[in-house]
Number of protein chains: 2
Amino acid sequence: MTRAPQKRRLETRSKLLQVAAAIVQEHGYSGLRVEDVVARAGVAKGTLFSHFKDKDGLLAVLIGEEVTRLLDGMEAGGTPPDVAALNARLAPHLDYVAQDRVIFDLLLRYSGTTAAEPDEVVAASFIRQVAMLTGWLQTLQAAGKVRKDQPPELLAEGIQGFLNHVLGVWFCAEHENDASPADALEPYLRAWLLPPA
Amino acid sequence: MTRAPQKRRLETRSKLLQVAAAIVQEHGYSGLRVEDVVARAGVAKGTLFSHFKDKDGLLAVLIGEEVTRLLDGMEAGGTPPDVAALNARLAPHLDYVAQDRVIFDLLLRYSGTTAAEPDEVVAASFIRQVAMLTGWLQTLQAAGKVRKDQPPELLAEGIQGFLNHVLGVWFCAEHENDASPADALEPYLRAWLLPPA
DNA sequence: TTTCGTTATTGACCGCGGTCATTTTTATAA
DNA sequence: TTATAAAAATGACCGCGGTCAATAACGAAA
């Protein structure tokens, strides 16, 4: 039976998160250094690691919050009317992840989480994402906008695969071309989801 | 105009690679430490980094060679007769990558390479893989075993996406279940490639 | 208030990847 | 041979994430 954390601890934790968010704002996720965080938070290094398993654990909270926010935005409009609209709905998420390889790497590390440890923010957001997609696909199948010969769960997880694929390619290419990775996603989505003509 | 490397340099390089391969044999890719390599090779640390950009550069050579070997095996049998056979043909590659997250991470970092820097072993193997898949798919399309409404290049790159997706999930799950990741791949491949019934 | 077990914080220390000014070795020309 | 410039190798040094025994702060009971 673990006790409730003391007030001081909660304050330290939120201070660390607040400082970390500020540094990310200034220098990006890849510019975040543990020593900077603890220095600006006025705390010893060991303290940070008593609050978060490791640097990734800290990043996971920050990134998880952002992803959750993006999911809220995606869900807001209800089921998109067709595949093109679905593609557009996913664009903000792609643009966010595409901004920094650190985000991509971290999300990928949790990307397979279908259950277990729902306390983790990132894991929870993945579960939510796949649930959201599955729901949409069910509706689209009923409307005849999406192929019906495969279960919506498989289609949903396939979409996650394509998201990662497109992002992986994105980070390899030198993108002077300022297009969004969502553009690269569309042909895959069409081929994956559209019913045979 | 850069000169040809001296004999001594080539010997040092191959010694480093040989020692690194031995350590991987003993402790796995994730057990490879730069300091161990240089110690056993009887060389200073800086020498290693004059031969390879960083630790990943060294690993890339080792892993690239192995992937190339696997590709040789895959190509040996010619075009697989159908989707199920194609899935089986990909199994050795999946099993190899699934053995250590380090392999997966490294390959992913190069996974989008469609051209450029063909001197890198890993990049070259990716180009070769997609070319091989594209050729197979063309043949299978002609034989009516695979959907014809999409260009074989797109189908091939989609397969690469599914390979990575399946592996990502693989590394998240605790696989007491000793099944191969190829089992997880099959439903995706069927849904992605099979012509509408 | 004092005591005392628990919780929270501390910071010196470590492992390990990576750098670079310096030194050694090699190949070539005088 | 000897001089010399380029190539190769060296190892002390650094940055940064992460550890852990020691210490301080807290809160409930006496």
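The model is predicted, so local features need pLDDT of at least 70 and side-chain atom pairs count only at pLDDT 80 or more, while totals for chains, interfaces and linings use all residues. Residues are numbered from 1 along each chain as its sequence is written, chains are lettered from A and ligands numbered from 1 in the order in which they are written, and side-chain values use heavy atoms, leaving out hydrogens and water.

On the side of chain A that touches chain B, α6 (101–110), α8 (152–172) and α9 (181–193) each supply at least two residues; helices are DSSP runs (H or I, at least four residues) numbered from the N terminus. α8(A) gives the largest share, 10 residues. By type, this side of chain A divides into 12 nonpolar, 9 polar and 5 charged residues. Here Ala, Val, Leu, Ile, Met, Phe, Trp, Tyr, Cys and Pro count as nonpolar, Asp, Glu, Lys and Arg as charged, and the others, Gly among them, as polar.

In total, 26 residues of chain A are in contact with 26 residues of chain B (heavy atoms within 4.5 Å). The two chains bury about 2,100 Å² between them, 64% of it from carbon and sulfur atoms; buried area is the accessible area (1.4 Å probe) that two parts lose on being put together, summed over both. A:Arg109, A:Tyr188 and A:Ala191 supply 22% of the area that chain A buries against chain B, more than any other three residues.

There are 2 salt bridges between chain A and chain B (a side-chain nitrogen of Lys or Arg within 4 Å of a carboxyl oxygen of Asp or Glu). One of them joins B:Arg109 to A:Asp105, with the closest N and O atoms 3.2 Å apart.

DNA strand D is surrounded by 23 residues, each with a heavy atom within 4 Å of the strand. These residues divide into 6 nonpolar, 7 polar and 10 charged. The largest share, 4 residues, comes from α3(B). Phosphate contacts include the following.

| Residue | Protein atom | Distance to a phosphate oxygen of DNA strand D |
|---|---|---|
| B:Thr12 | N or O, side chain | 2.4 Å |
| B:Ala44 | polar, backbone | 2.8 Å |
| B:Thr47 | polar, side chain | 2.9 Å |

Terms used: Polar contact = N/O pair within 3.5 Å; in protein donor to acceptor, adjacent residues only side chain to side chain.
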